[in-house]
Amino acid sequence: MYTWIKNVKMVNHRNELEAIELMIKDDKIEAIGTDLSLIGIQAEKTIDGQDALITPGLVDVHVHLREPGFTYKETIQTGSEAAARGGFTTICAMPNTNPVPDTVEKFEELQALIKKDAVVKVLHYAPITTGLKSDELVNQPGLLAAGAFAFTNDGVGVQTAGTMYLAMVEAAKNNTAIVAHTEDDSLLFGGVMHKGKISEKLNLPGILSITEASQIARDVLLSEATGAHYHVCHVSTKESVRVIRDAKKAGIHVTAEVTPHHLLLSEEDIPSDTAIYKMNPPLRGTDDREALIEGLLDGTIDFIATDHAPHSAEEKSGSMVGAPFGIVGSETAFQLLYTHFVKTGKFTLLQLIDWMSTKPAEVFNLNAGSLEVGAPADLALFNLTEEEEIDAKDFKSLSSNTPFIGWKVVGNTVMTLVDGKVVYS
C-alpha cells in the first residue's frame with residue numbers, strides 16, 4: 001500500500017525548514033521530494049500535513065509502563081498511546097513491574113502482552129539482578145534471546161560494586177548495555193528532594209548530589225575495566241556531568257541521558273511541600289540545571305529521555321514525605337523543549353530532533369531515528385505555530401502527575417505513524 005504525505009516541512013542539515021512530500025510503501029519510506037506526483041505512483045491514501053513539521057518518530061529509552069502489577073497507574077496500551085500522542089514511535093520500558101521480568105518465562109509473558117496491546121514499538125528492559133534487589137545476576141543470554149533490550153535495575157541503584165562488575169563482565173561478553181539508575185542508598189538519609197536551600201526552607205530531608213555522582217564514579221571505572229557499554233539514566237547534578245565528561249575523555253564507553261524536567265526546572269521552582277514535584281533524581285540547584293544544559297550542548301550528555309513515571313492522583317496529592325517519586329513526560333516532552341529552548345534560541349530544532357530521535361537510536365543501535373528513503377515509516381508531525389495549554393483531560397496516560405499542567409506550549413503533535421500506519425491523530 002502506498003501512502004502519500006503532502007504539505008509538510010522537514011528541517012535540513014542547515015537547520016532550515018524545507019517543504020517536502022513523502023511516499024510510504026507499506027512500512028518503509030519509498031521517496032522524499034518536493035513534488036512526488038512526478039514519480040507516477042497512485043497512492044491509496046493521501047495525508048495533508050497542513051504545513052506541519054515532519055520528523056523521524058521520537059525515541060524514548062526510559063519509560064515506565066507499570067504493567068504487570070500497577071495497572072491503576074498505567075498499562076502497556078495507555079502508556080504506548082501516551083507515547084504516540086507525544087510523537088514517540090519507539091519506547092523502552094523499565095522492568096520495575098510486579099512480577100519483575102527476571103526469568104525467560106516471565107519475560108516472554110511480558111512480550112506477549114506488548115505484542116497484543118502496544119500501539120508503538122515497545123522494547124523492554126530486563127533487570128540486572130533477580131527481583132531488582134538481590135546480588136544474583138539474571139540469565140543475560142536467555143533474556144536477550146527472549147527479546148530483552150538491555151539490562152537495568154532502574155528505580156534502585158546496584159549497591160554492591162562486585163555485583164555491578166560481574167554484570168558488566170557478562171554484558172561485555174553478550175554485547176549489551178548496562179543502564180544504571182545511580183543512587184548510593186547509604187547516602188540517602190531518608191531524603192525526598194534535593195538537599196539545598198529549598199529543602200531547608202520547607203524543612204524536608206534532602207538528597208545529596210553525591211548520592212548520584214559517587215555511583216557514577218564507581219561505575220565508569222568498572223566499565224573501563226570490563227569494556228562494557230555503561231549508560232547513565234537521568235543525570236541531574238553538575239558533579240555527575242563532570243565525572244561523565246572525564247570518563248569520555250579517558251575513552252570509556254559511557255553514555256548518558258537527561259530528562260526534560262531536569263532541563264526545565266530547578267529546586268527553586270518548587271512552591272511548597274507537594275508530591276507533584278517529588279521525582280528521583282530530584283530537581284536540583286540552578287547551577288546543576290545549567291551544567292546539564294551545558295553537558296547536552298557539548299556532547300557529555302548524549303540525548304534526552306523522559307523517565308515517564310505515572311502515579312495515581314491520590315498517591316501524588318499530599319506531602320513529599322511518603323509519596324512515590326515520579327513525573328509523567330511522554331505527552332509533554334517535545335513541545336515543552338521546543339517552546340522553552342528552540343523558540344528562545346538556546347537549542348536549534350535540528351539539535352532537539354537529534355537528541356530526541358536520532359542519537360538515542362544510534363547509541364543503542366536501533367532501526368529508528370531516520371528520515372530517509374528505506375528507513376521505517378515511523379514518523380511524527382508537529383504544529384509549530386499554534387499555542388496550546390497543557391491540559392490533563394487531553395492525556396492518553398492514565399496518570400497526570402506533572403507540574404507542567406497549565407503551561408502554554410507550541411509544538412503539539414498533529415499525527416504519529418508507526419510502520420506507515422497512523423497511531424495518533
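Me: What does UniProt list for residues 344-424?

Reply: UniProt lists them as "domain: Amidohydrolase", in an unreviewed entry. The structure you're looking at is a predicted model, by the way. Over residues 344-424 the chain is 19% helix and 32% strand, and the end C-alpha atoms are 28 Å apart.

Me: And which residues does UniProt list for "domain: Dihydroorotase catalytic"?

Reply: Residues 53-240, again from an unreviewed entry. That span is 37% helix and 18% strand in the model, with 34 Å between its end C-alpha atoms.

Me: Why is histidine 231 called buried?

Reply: Buried means under 20% relative accessible area. Histidine 231 comes out at 0%, so it counts as buried. You'll find histidine 231 in strand β12, residues 229-232.

Me: What makes the pairing of histidine 231 with glutamate 257 a polar contact?

Reply: The cut-off for a pair of N or O atoms is 3.5 Å, and one must be able to donate a hydrogen while the other accepts it. The two side chains are joined at 2.8 Å, so the pair falls within that limit. Leaving out residues up to four places away in sequence, histidine 231 also touches Ile178, Val179, Ala180, Thr255, Ala256, Phe303 and Phe364, among others.

Me: Is tryptophan 4 buried or exposed, and how do you know?

Reply: Buried: its relative accessible area is 13%, and the limit is under 20%. Tryptophan 4 lies in strand β1, residues 2-11. Its side chain makes a polar contact of 3.0 Å with the side chain of glutamate 21. Beyond four places in sequence, its contacts include Leu22, Met23, Leu36, Ala43 and Ile47.

Me: What about leucine 132: why is it counted as buried?

Reply: At 15% relative accessibility, leucine 132 is under the 20% limit, so buried is the word. Leucine 132 is in the loop between β7 (121-124) and α3 (140-145).

Me: Why is aspartate 26 called partly exposed?

Reply: Partly exposed runs between the buried limit of 20% and the exposed limit of 50%. Aspartate 26 has 43%, so it lands in that middle class. Aspartate 419 does too, with 25%.

Me: What makes the phi of aspartate 26 worth a look?

Reply: Phi there is near 55°, a positive value in a residue other than glycine. Most residues other than glycine have a negative phi. Aspartate 26 is in the loop between β2 (17-25) and β3 (28-33). Aspartate 419 also has a positive phi, near 50°, and lies in the loop between β16 (408-418) and β17 (421-424).

Me: Which peptide bond into proline 99 is cis, and what is its omega?

Reply: The bond from asparagine 98 to proline 99, with omega near 5°. Most peptide bonds are trans. Proline 99 is in the loop between β6 (88-93) and α2 (104-117). Asparagine 280 and proline 281 are joined by a cis bond as well, with omega about 5°, and proline 281 is in the loop between α8 (260-264) and α9 (286-297).

Me: Why are α7 and α9 called roughly parallel?

Reply: Angles under 35 degrees get that label. The axes of α7 (residues 238-249) and α9 cross at roughly 30°, so the pair counts as roughly parallel. The axes come within 8 Å.

Me: Which residues of α7 meet α9?

Reply: Lys238, Glu239, Val241 and Arg245 do, against Asp287, Asp288, Ala291, Leu292, Glu294 and Gly295 in α9. By class, that contact has 3 nonpolar, 1 polar and 6 charged residues.

Me: How many residues of helix α10 are buried?

Reply: In α10 (residues 333-342), 9 of the 10 residues are buried, and the helix is mostly covered. Among them are Phe334, Leu336, Tyr338 and Val342.

Key. Residues are numbered from 1 along each chain as its sequence is written. This is a predicted model: local features need pLDDT of at least 70, side-chain atom pairs count only at pLDDT 80 or more; totals for chains, interfaces and linings use all residues. Side-chain values use heavy atoms; hydrogens and water are left out. Helices (H or I, at least four residues) and strands (E, at least two) are DSSP runs, numbered from the N terminus. Buried means under 20% relative accessible area, exposed over 50%, partly exposed in between (1.4 Å probe, protein chains only). UniProt positions are given in the numbering used here, feature names are shortened, and annotations may be inferred rather than shown by experiment. Contact means heavy atoms within 4.5 Å. Axes are lines fitted to C-alpha atoms, for helices over the stretch in contact, and angles run from 0 to 180 degrees between N-to-C directions. Angles under 35 degrees count as roughly parallel, over 145 as roughly antiparallel, 65 to 115 as roughly perpendicular and the rest as oblique. Ala, Val, Leu, Ile, Met, Phe, Trp, Tyr, Cys and Pro count as nonpolar, Asp, Glu, Lys and Arg as charged, and the others, Gly among them, as polar.
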